[in-house]
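Here is a briefing on one protein chain. Look through the sequence and the model before reading the points below.

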Amino acid sequence: MVMKKIRANSVRSPSVAVNSQPFLDGLADGRRENWRNYMTHHVYKVVELVGSSPEGITQAVEAAIEKAAASLRNLRWFEVIETRGQIENGKVRCYQVTLKVGFTLEDP
């Protein structure tokens, strides 16, 4: 059987209603309202970044975000979608992470 790798954004899935109420119930009243306002009034552009560091995964994430922040405004969130590493002589030489980073679009 031949398996094809399908890019995540090449497959359209039906709309699904997400119930965020359990998450919201765990927040204090003020934070709950702030979260709803923050998350519901933005449109995000998502870019994919790859960061690397010989020190660790956290440093690789921070390197990617710091570099992106130099040319992109309004960075808001990130998601680590893949981690890798390079091995040399039986030891970890470098860590590499692939991130999705979201930033808000500015009003015209």
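Contact here means heavy atoms within 4.5 Å. By that rule, and leaving aside neighbours within four places in sequence, Ser53 is in contact with Gln59, Ala60, Cys94 and Tyr95. The model is a predicted one. It has three helices and three strands.

**Overall layout**

- The order of elements from the N terminus is α-α-β-α-β-β.
- The protein has 108 residues, and 18% of them count as buried.
- Its accessible surface comes to about 9000 Å². Carbon and sulfur atoms hold 52% of that surface.
- Residues 24 or more positions apart account for 59% of them.

**Nonpolar core**

- Which residues make up the largest nonpolar core? The eight are Leu49, Ala60, Val61, Ala64, Ala68, Val97, Leu99 and Val101.
- Two elements give two or more residues each to this core: α3 (57-69) and β3 (91-104).
- Helix α3 gives the most, with four residues.
- In soluble globular proteins, nonpolar side chains tend to be buried together.
- Leu49 is in contact with Ala64, Ala68, Val97, Thr98, Leu99 and Val101, again leaving aside neighbours within four places in sequence.

**Ser53 in strand β1**

- Ser53 sits in strand β1.
- Is Ser53 buried or exposed? Its relative accessibility is 6%, so Ser53 counts as buried.
- The Ser53 side chain reaches the backbone nitrogen of Glu55 at 3.0 Å.
- Ala60, one of the core residues, is also among the contacts of Ser53.

**Thr98 in strand β3**

- Thr98 belongs to strand β3.
- Thr98 has a relative accessible area of 4%; the cut-off for buried is under 20%. Thr98 is therefore buried.
- The side chains of Thr98 and Arg84 are joined by a polar contact of 3.4 Å.
- Beyond its neighbours within four places in sequence, Thr98 is in contact with Glu48, Leu49, Val50, Glu79, Val80, Ile81, Glu82 and Arg84.

**Strands β2 and β3**

- In which sense do β2 and β3 pair? They are antiparallel, over twelve bridges.
- The hairpin of β2 and β3 has two residues between the strands.
- Asn89 takes a positive phi near 55° in that hairpin.

**The aromatic pair**

- How many aromatic pairs are there? The count comes to one.
- The ring centres of Tyr44 and Trp77 are 6.3 Å apart, and the planes are at 70°. Planes over 60 degrees apart count as edge-to-face, so this pair is edge-to-face.
- The pair links distant parts of the chain. Tyr44 is in strand β1 (residues 44-53) and Trp77 is in strand β2 (residues 75-88), 33 residues apart.
- Tyr44 has 23% relative accessibility and counts as partly exposed.
- Trp77 is partly exposed too, with a relative accessible area of 32%.

**Asparagines with positive phi**

- Most residues other than glycine have a negative phi.
- Asn74 is not a glycine, yet its phi is positive, at about 65°.
- Asn74 lies in the loop between α3 and β2. Its relative accessible area is 25%, so Asn74 is partly exposed.
- Asn89 also has a positive phi without being a glycine, at about 55°.
- Where is Asn89 found? Its place is the loop between β2 and β3.
- Asn89 is exposed, with a relative accessible area of 75%; the cut-off for exposed is over 50%.

**Lys67 in helix α3**

- Lys67 is part of helix α3.
- Is Lys67 buried or exposed? With a relative accessible area of 66%, Lys67 is exposed.
- Lys67 and Gly51 are 16 residues apart along the chain. Their C-alpha atoms are separated by 9.0 Å.

Notes: Residues are numbered from 1 along each chain as its sequence is written. This is a predicted model: local features need pLDDT of at least 70, side-chain atom pairs count only at pLDDT 80 or more; totals for chains, interfaces and linings use all residues. Side-chain values use heavy atoms; hydrogens and water are left out. A nonpolar core is a set of buried Ala, Val, Leu, Ile, Met, Phe, Trp, Tyr and Cys residues joined through side-chain atoms within 4.5 Å. Buried means under 20% relative accessible area, exposed over 50%, partly exposed in between (1.4 Å probe, protein chains only). Accessible areas come from the Shrake-Rupley method with a 1.4 Å probe; for residues, only the protein chains shown count as cover. Rings of Phe, Tyr and Trp (its six-membered ring) pair if their centres lie within 6.5 Å; planes under 30 degrees apart count as stacked, over 60 as edge-to-face and the rest as tilted. A polar contact is a pair of N or O atoms within 3.5 Å; within protein, one must be able to donate a hydrogen and the other to accept it, and residues adjacent in sequence count only if both atoms are side-chain atoms. Two strands pair if DSSP finds at least two bridges between them.
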